[in-house]
Amino acid sequence: MESTESSYVSSPEAARKRSPPPPKSPTSENAEKPTYVRFLVSNAAAGSVIGKGGSTITEFQSKSGARIQLSRSHEFFPGTSDRIIMVSGAIDDILKAVELILAKLLDELNIKDNDDAEPRTKVRLIVSNSSCGSIIGKGGATIKSFIEGSQAGIKISPQDNNFYGLNDRLVTVTGTLDEQLRAIDLILSKLCEDSHYSQAMHAPFSYAATYNSMSYAPNGAGVKFPNHKEDHSNSITIGVSDEHIGLVLGRGGRNIMEISQVSGARIKISDRGDFMSGTTDRKVTITGSQRAIHQAESMILQKVANASERVMD
């Protein structure tokens with residue numbers, strides 16, 4: 001719905017009325033510094049990015065020099081049915097990888113739409129709320145200069161308060177492939193100047209695993225790109241009675257997302273009917289540092305205890 005979009009959104013036509021100075025190109029230091037970009041891709045399109053047995057994603061990584069990670073099947077950005085792609089590396093390598101991915105997605109679309117005109121499509125970037133201000137700029141000056149410089153439409157969604165602890169917003173870039181790439185270059189170069197932006201690189205899908213918390217196997221391609229930090233993770237599995245599992249999840253997954261955000265742990269709940277041996281307790285697997293696991297376990301048990309007390313009253 002258009003009404004949910006930020007008032008900073010504009011189009012190239014609107015941008016031409018005012019002509020702020022073009023944005024500075026990134027310094028060589030920022031261009032070399034490892035950074036990342038995250039964007040959404042439909043579950044159906046994700047398969048073409050991965051390729052048979054992971055062949056396409058491997059080829060794109062090899063050609064670009066960037067690292068490409070993809071959230072697993074059924075691990076979506078909150079409020080959408082789209083998976084998350086994270087591309088990390090030096091800016092130039094990231095842009096090469098993004099171009100390969102978007103061109104691949106465009107090829108899939110062009111099978112159905114063989115118009116002569118170059119199609120204008122949308123790509124939705126994920127940017128933390130705290131970093132959106134630097135893209136908008138004072139009085140919207142920065143985003144207007146990006147629109148003018150790229151000729152792409154750029155929209156920043158308002159913060160979604162329906163999901164507790166969700167600190168990310170969607171930046172929609174509309175245009176031809178070239179226009180989108182120019183806009184992403186400008187946006188990413190600006191984000192690189194923000195020291196807080198790079199910190200989220202180590203937890204690209206933290207909400208993806210918790211908001212969609214049922215336990216699914218990795219997709220058929222069998223490709224998984226885990227976080228570096230997962231190598232040092234511990235994991236425990238606790239039992240929660242089937243009747244109380246809804247309290248742990250919360251409406252729309254809010255409770256489990258809050259627990260994950262606060263504790264820093266990843267939480268997965270087994271499918272219905274998949275119980276701890278000899279019980280009717282569902283399996284709740286908590287992964288992370290010892291401290292994160294302890295905090296998440298305490299918060300889960302507290303929710304269950306509160307429910308039990310209410311029953312006794």
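Select the whole protein chain. Take its contacts (heavy atoms within 4.5 Å) with a separation of 6 or more: residues 24 or more positions apart account for 75% of them. The model is predicted, and local features need pLDDT of at least 70, side-chain atom pairs count only at pLDDT 80 or more, and totals for chains, interfaces and linings use all residues. Residues are numbered from 1 along each chain as its sequence is written, and side-chain values use heavy atoms, with hydrogens and water left out.

Now colour by secondary structure. The protein chain has 12 helices and 9 strands. Both are DSSP runs numbered from the N terminus: helices are H or I with at least four residues, strands are E with at least two. Of the 313 residues, 46% count as buried. Buried means under 20% relative accessible area, exposed over 50%, and partly exposed in between (1.4 Å probe, protein chains only). Show the surface next. The chain exposes about 15,800 Å², and carbon and sulfur atoms supply 49% of that. This area comes from the Shrake-Rupley method with a 1.4 Å probe; for residues, only the protein chains shown count as cover.

**Stop 1: the sheet**

In what order do the 6 strands of the open sheet run? The order is E2-E3-E1-E4-E6-E5, with antiparallel pairing. Two strands pair if DSSP finds at least two bridges between them. Strand E2 (67–70) and E5 are the edge strands, each pairing on one side only. From one strand to the next, the twist averages 25 degrees.

Zoom in on E2 and strand E3 (residues 82–89). They pair in the antiparallel sense over 4 bridges. Pick Leu70: its bridge partner in E3 is Ile85.

H3 lies across strand E1 (35–42), E2 and E3, and runs at about 125 degrees to E1. Such angles run from 0 to 180 degrees between N-to-C directions; the axes are lines fitted to C-alpha atoms, for helices over the stretch in contact.

**Stop 2: helix H6**

Select residues 129–136, which form helix H6. Which residues of H6 are buried? They are Ser131, Cys132, Ile135 and Ile136. These cover an arc of only 150 degrees around the axis, which puts them on the same side of H6. The arc is that of the directions from the helix axis to the C-beta atoms. An α-helix has 3.6 residues a turn, so residues three or four places apart point the same way.

Now show what surrounds them. The buried residues of H6 pack against strands E4 (121–128), E5 (153–156) and E6 (168–175), and against helices H7 (141–150) and H8 (177–191). Step on to Gly137, which follows H6: its phi is positive, near 75 degrees.

**Stop 3: helix H11**

Jump to residues 254–263, helix H11. Ile256, Met257, Ile259, Ser260 and Ser263 are buried here. They cover an arc of only 160 degrees around the axis, which puts them on the same side of H11. Gly264 follows H11, with a positive phi near 85 degrees.

**Stop 4**

Select Leu95 in helix H5 (residues 91–110). Leu95 is buried, with a relative accessible area of 14%. Leaving aside neighbours within four places in sequence, Leu95 is in contact with Leu181, Ile184 and Asp185. Draw a C-alpha to C-alpha line from Leu95 to Leu181: they are 86 residues apart in sequence and 7.1 Å apart in space.

Finish at Ser189, in helix H8. Is Ser189 buried or exposed? Ser189 is buried, at 5% relative accessible area. Its side chain reaches the backbone oxygen of Asp185 at 2.7 Å.

Notes:
Polar contact = N/O pair within 3.5 Å; in protein donor to acceptor, adjacent residues only side chain to side chain.
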